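Let's take a walk through this one together. Have the sequence and the model side by side as you read.

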Amino acid sequence: MLRKTMLWILAGYTSIRLGTTAAVVLMGATTLPVFVVALSAIVSVYSATVVVKTFSRNTTTRTIQFTYAANIFAVLVNMLFVKMFYPATIEMYEYLVVGTFLEVVVFSVLLLMSLRQEKLILEKKQMLAHN
């Protein structure tokens, strides 16, 4: 259940982020650094690939967990890069490209819940094996 929820959240998030990044690049309507837009595009394409692979054939939970970790890392790097090297203000639509701290919190909670659930399943299997 958690895995399916994580997958649907990732699918929605990825489609919004990939669409916004593509629109910003195609329209040239941003003053964001190229590094930020490129990192966002790379992680979004990777996330979209994982979502498509998961829907078409079964992938491991570890792959989804890694994708969440990559998104967390990309958002943190983008926020730090923009804060340190980009003195101008950011438009609201550009936050969809850069990311916000709320994304980090939500993705971290989902990742930790997934890791905890995996640990509980492993402990249950070990307990059943001993009986």
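Is Leu102 buried or exposed? Leu102 counts as exposed, because its relative accessibility is 59%; the cut-offs are under 20% relative accessible area for buried, over 50% for exposed and partly exposed in between, with a 1.4 Å probe and protein chains only. Before going further, keep in mind that this is a predicted model, where local features need pLDDT of at least 70, side-chain atom pairs count only at pLDDT 80 or more, and totals for chains, interfaces and linings use all residues. Residues are numbered from 1 along each chain as its sequence is written, and side-chain values use heavy atoms, with hydrogens and water left out.

Now for the overall layout. The chain has 5 helices and 0 strands, so reading along the sequence gives α-α-α-α-α, where helices (H or I, at least four residues) and strands (E, at least two) are DSSP runs numbered from the N terminus. Its C-alpha atoms fill a box of roughly 65 × 30 × 20 Å along the principal axes. Of the 131 residues in the chain, 35% are buried.

Back to Leu102, which sits in helix 5 (residues 101-130). Leu102 is part of a nonpolar surface patch together with Phe101, Val105, Val106, Val109 and Met113, and the group has about 540 Å² of accessible area. Areas like this come from the Shrake-Rupley method with a 1.4 Å probe, and for residues only the protein chains shown count as cover. A patch takes residues with over 30% relative accessible area and no salt bridge, joining like charges within 9 Å and nonpolar side chains (Val, Leu, Ile, Met, Phe, Trp, Tyr) within 5 Å; a salt bridge puts a side-chain nitrogen of Lys or Arg within 4 Å of a carboxyl oxygen of Asp or Glu.

Next, the aromatics. There are 6 aromatic pairs in the structure, a pair being rings of Phe, Tyr and Trp (its six-membered ring) with centres within 6.5 Å, called stacked with planes under 30 degrees apart, edge-to-face over 60 and tilted for the rest. Phe35 and Phe81 make a tilted pair, because their ring centres are 4.8 Å apart and their planes lie at 45°. Since Phe35 is in helix 2 (residues 34-56) and Phe81 in helix 3 (residues 61-85), the pair ties together parts 46 residues apart in sequence. Both partners are partly exposed, Phe35 at 40% and Phe81 at 23% relative accessibility.

Tyr46 and Phe66 pair up edge-to-face, because their planes are at 85°, with ring centres 6.0 Å apart. Here too helix 2 and helix 3 are tied together, by Tyr46 and Phe66 respectively, over 20 residues of sequence. Tyr46 is partly exposed at 32%, whereas Phe66 is exposed at 51%. Elsewhere, Tyr13, Tyr68 and Phe107 form one aromatic cluster.

Finally, the largest pocket holds about 160 Å³ of space. Its lining includes Leu2, Met6, Thr61, Gln117 and Lys125. Helix 1 (2-27) and helix 5 each supply at least two lining residues, and helix 5 gives the most, with 6. On a 1 Å grid over the protein atoms alone, a pocket is an open set of points where a 1.4 Å probe fits, with protein on both sides within 12 Å along at least five of seven lines, and lining residues have an atom within 4 Å of a point.

Notes
Grid points are joined across faces, edges and corners, and a volume is the space filled by probe spheres set on the points.
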